[in-house]
Amino acid sequence: MFFFVLISACRNKLPSELVSSKAIVVDKAAVVSAHPEASKIGLQVLRDGGNAADAAIAVQFALAVCYPVAGNIGGGGFMVYRSGDGSDISTLDFREMAPNKAHADMYLVDGKADSNLSRNGQLAAGVPGSVDGMVEVFNRYSKLKDWSRLVEPSVELARKGFPITAFQAKRFNEYRQAFIDNNTKANVYTITENWKAGDLLVQEDLAQSLALISEHGRDGFYKGPVAEKIVAEMERGNGIMSLEDLANYKSVWREPITTEYQGKRIISMPPPSSGGILLAQLLDMSETLKVDEMDFHSVEAVHAMIEAERRAFADRAEHLGDSDYYPVPFEDLLDKEYLKERISDFNPERASVSEDIASGDFSASEETTHFCVVDADRNAVSITTTINTGFGAKTVVGGAGFFLNNEMDDFSAQPGVPNAYGLLGAEANKIEPGKRMLSSMTPTIVDEDGELVLAVGTPGGSTIITSVYQVVMNILAFELDCKEAVHSRRFHHQWKPDKVFFESDCLSADRRAELESMGHEIVERSSIGKVEAIQVVNGKLSAVADNRGDDSAMGF
Ligand code: DON
């Protein structure tokens, strides 16, 4: 049974109070997210005296309603937190875990990895972490201390509906066949054709699931009707997640990865994300190559940054995985002497060849989501959350109204076989029961002398790391303002394939030709990353939403 209702009568523009900006400067508090409805809900929590953690919890649940392509209760994510005075920096890992019945060969068919199995349908799903994660954030950092106050706006939003944007209508239409192929029960996404901007998306099943979470907290999701619906969904398909897997899910507080660049402290996510370690490596190599003395998007700067990216991603493939299961060599990977050595064969005139850097094809999508919140006390939250590729497994949990993630594809299903982002992996990232799949998500916060400088992050699969790296460099090394830093076009190299991906209008034809003559193979692609950032400038908050989507900055 399903309870979705679609009312297509309302095809107006967004109500005026929802018209938000891509870039604002405010005194007190700000929220930047992928959707105006979520930013608005977060803003109201801040106005009502909630702190950044309160607002972030409300935004996470709101995105699950208004941004179903990536916002979620059926997925997971990472948070980096910094208290206003800098005395408390922490990270929370609410990444999905492999179910207990998972094993290294689970996606092999006749000895070959079958990406359809790891990307679509019930078997692709890891045990979701988002609800447990938000409960952890609430217990440790909430100021309002009223859980239901933070979840209820999303119950309402799901129940009353909201007008979808043109981007969303296009996506829903593009994915319709995949929804039909991967759902065991009819739902609004399988039924509705020809979505248009302004159509109202009402999600009664999701409202009921959120109401249970509002009332019972963690148990509203990991036990009782929602958990039972997840397991029933598994049984209608080829899934293996059990009630026990759900009951045992646990998010983990972890020590942040920190590094210094340009006199500032960079605080980012440790494994099971590769993001923090790679960002630290990239910044360190940039320091060695003195990229800050070069010009923004000059050939010499772009070349140097590509070469740093090539080397960092080679390390990722070999050495990174869930550190609870695999001895990730943290100290070696972050050792300054090692990193100097790593970039010592850099040739300013010539591209390296990835085959020579020891240690698929590439699909473009921006379907994870990032949001940042900074409150009046300068507490900062930077959260990246995902169900992996667009709409995750494409399977809505029957009767519960939310998409399952397809995060299992982030494991290395077979050595040498790339995942959806063309990333390779090895022993470090093989599938094991209870293990967390390696991620590229890089929620990051920067501070200096005890003061907050920047909160930043983005979706984009493997391009997450290079996008965060470039925005941090744009601000700290090239001294662009926050809006320019976020809205400028980007480029990406990930070691293999040995190509550099450029957004179409990133560099002039002359500069591209020069890079090609140095040996870089350039491939144009659609947008790279969808960054949200809040920078503190002269005591005010410069909050910037990417201009690559519906993203929205709000504040006061
Ligand atoms: O954790 C990761 O690295 C991926 N699951 C993120 C997926 C993503 O960013 C999708 N958007 N392009």
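Biologist: Is Asp-93 buried or exposed?

Modeller: This is a predicted model. In it, Asp-93 counts as buried, because its relative accessibility is 0% and the cut-off for buried is under 20%.

Biologist: Which side chain meets Asp-93 in a salt bridge?

Modeller: Arg-254 does, at 2.8 Å from N to O.

Biologist: How many salt bridges in the whole structure?

Modeller: A search finds 34. Side chains of opposite charge can pair when their charged atoms come close.

Biologist: Now Arg-310. What does it form a salt bridge with?

Modeller: One partner is Glu-307, with the closest N and O atoms 3.0 Å apart. Both residues lie in helix α14 (residues 299–319), three residues apart, which is about one turn of the helix. Arg-310 also meets Asp-498 in a salt bridge, at 2.7 Å from N to O.

Biologist: Switching to rings. How many aromatic pairs?

Modeller: There are 20. One of them is Phe-61 with Trp-147, an edge-to-face pair at 5.7 Å centre to centre and 90° between the planes.

Biologist: Why does that pair tie together separate parts?

Modeller: Because Phe-61 lies in helix α2 (residues 52–66) and Trp-147 in helix α5 (residues 147–160), 86 residues apart in sequence. Phe-61 is buried at 1% relative accessibility, and Trp-147 is buried at 11%.

Biologist: What about Phe-172 and Tyr-189?

Modeller: Their ring centres are 5.2 Å apart and their planes are at 80°, so the pair is edge-to-face. Phe-172 is in helix α6 (residues 166–174), and Tyr-189 is in helix α8 (residues 188–191). Phe-172 is buried at 1%. Tyr-189 is buried, also with a relative accessible area of 1%.

Biologist: Last one, the surface. Which residues gather in a patch of negative charge?

Modeller: Glu-331, Asp-332, Asp-335 and Glu-337. Glu-337 is in helix α16 (residues 336–342). Glu-337 counts as exposed because its relative accessible area is 57%, and the cut-off for exposed is over 50%.

Terms used:
Residues numbered from 1 in each chain as written. Predicted model: local features only at pLDDT ≥ 70, side-chain atom pairs only at ≥ 80, totals over all residues. Heavy atoms only, no water. Patch = residues over 30% accessible without salt bridge, like charges linked within 9 Å, V, L, I, M, F, W, Y side chains within 5 Å. Areas by Shrake-Rupley, 256 points an atom, 1.4 Å probe, with all protein chains shown as cover. Salt bridge = Lys/Arg side-chain N within 4 Å of Asp/Glu carboxyl O. Lys, Arg positive; Asp, Glu negative; His and termini not counted. Charge placed at Lys NZ, Arg CZ, Asp CG, Glu CD. Helix = DSSP H or I, 4+ residues; strand = E, 2+ residues; numbered from the N terminus. Buried < 20%, exposed > 50% of the residue type's maximum accessible area, 1.4 Å probe, protein only. Phe/Tyr/Trp six-rings, centres within 6.5 Å; stacked < 30°, edge-to-face > 60°.
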